[in-house]
Amino acid sequence: MAMAIDQSDIRSSASYSTVRKSASDGRRENKRTAFLCHSHVDADLAKGLQGYLHRKGWEVYIDWEDHTMPERPDRRTAEKIQGKIRDLEMFFFLATQNSMASRWCPWEIGYADGVKDLNRILVIQTRDSRGVTHGNEYLQLYRHLNDTQSGGIGHFDAAGNGHRLSGNQVP
């Protein structure tokens, strides 16, 4: 059975010191790679999730760590994001109150939906300190990445069917 990941658990991994700045480092080492769609208001959660998943064998790309991104968002920003979504193996959507209200996040998952196999799009359900799990109805179309009762993380469909992920295991 799957459970949303507590935001406090994600935040506690933000200081994980060996997180790389580039998912291309992970590809060179044959690690799993993912684009992380998130609200910039949730920078602490994004860094925490990056560290959390790094410890489980993943390299996660965060756009604001990319020094080639324009300083102010513009058309080039959108083109670069499209390229990263296409090039990286997986697309992760960090579901929070802020990402649901973002202008960019729904656009990014919509773009990913058009260019990636649906099994390569995973929603990361989170639970905030009030016990609220975030996400719109349309996010139920996608598999989700969650903690598992047996430990570790897994990916699941809307009915809760799925399996545990570890290291370089392909979903």
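## D128 and its surroundings

The side chain of D128 makes a polar contact with the side chain of R130 at 2.7 Å; a polar contact is a pair of N or O atoms within 3.5 Å, where within protein one must be able to donate a hydrogen and the other to accept it, and residues adjacent in sequence count only if both atoms are side-chain atoms. This is a predicted model, in which local features need pLDDT of at least 70 and side-chain atom pairs count only at pLDDT 80 or more, while totals for chains, interfaces and linings use all residues. Residues are numbered from 1 along each chain as its sequence is written, and side-chain values use heavy atoms, with hydrogens and water left out.

D128 sits in the loop between β6 and β7 (143-148); helices (H or I, at least four residues) and strands (E, at least two) are DSSP runs numbered from the N terminus. D128 counts as buried because its relative accessibility is 11%, the cut-off for buried being under 20% relative accessible area (1.4 Å probe, protein chains only). Leaving aside neighbours within four places in sequence, D128 is in contact (heavy atoms within 4.5 Å) with Q7 and H134.

## Helix α4

Helix α4 covers residues 75-87. Its 13 residues should span 18 Å at 1.5 Å a residue, and the end C-alpha atoms are 18 Å apart, which agrees; the expected span is 1.5 Å times one less than the number of residues. D74 caps the N-terminal end of α4, with a side-chain oxygen 2.9 Å from the backbone nitrogen of R76.

The buried residues of α4 are T77, A78, I81, G83 and I85. They pack against β3 (32-37), β5 (90-95) and α6 (104-115).

## Nonpolar cores

The largest nonpolar core has 19 residues, and F35, I85, F91, F93, I109 and L139 have the most contacts inside it. Such a core is a set of buried Ala, Val, Leu, Ile, Met, Phe, Trp, Tyr and Cys residues joined through side-chain atoms within 4.5 Å. At least two residues of this core come from each of β3, α4, β5, α6 and β6 (121-127), and α6 gives the most, with four.

Apart from neighbours within four places in sequence, I109 is in contact with F91, F93, I121, Y138, L139 and Y142. A second, separate core of 18 residues includes I5, V60, L122 and L145.

## Strands β3 and β4

In strand β4 (residues 58-61), W58 and V60 point one way and E59 and Y61 the other, and all are buried. β3 and β4 pair in the parallel sense over four bridges, where pairing requires at least two DSSP bridges. A34 stands opposite V60 in β4.

Notes: Buried < 20%, exposed > 50% of the residue type's maximum accessible area, 1.4 Å probe, protein only.
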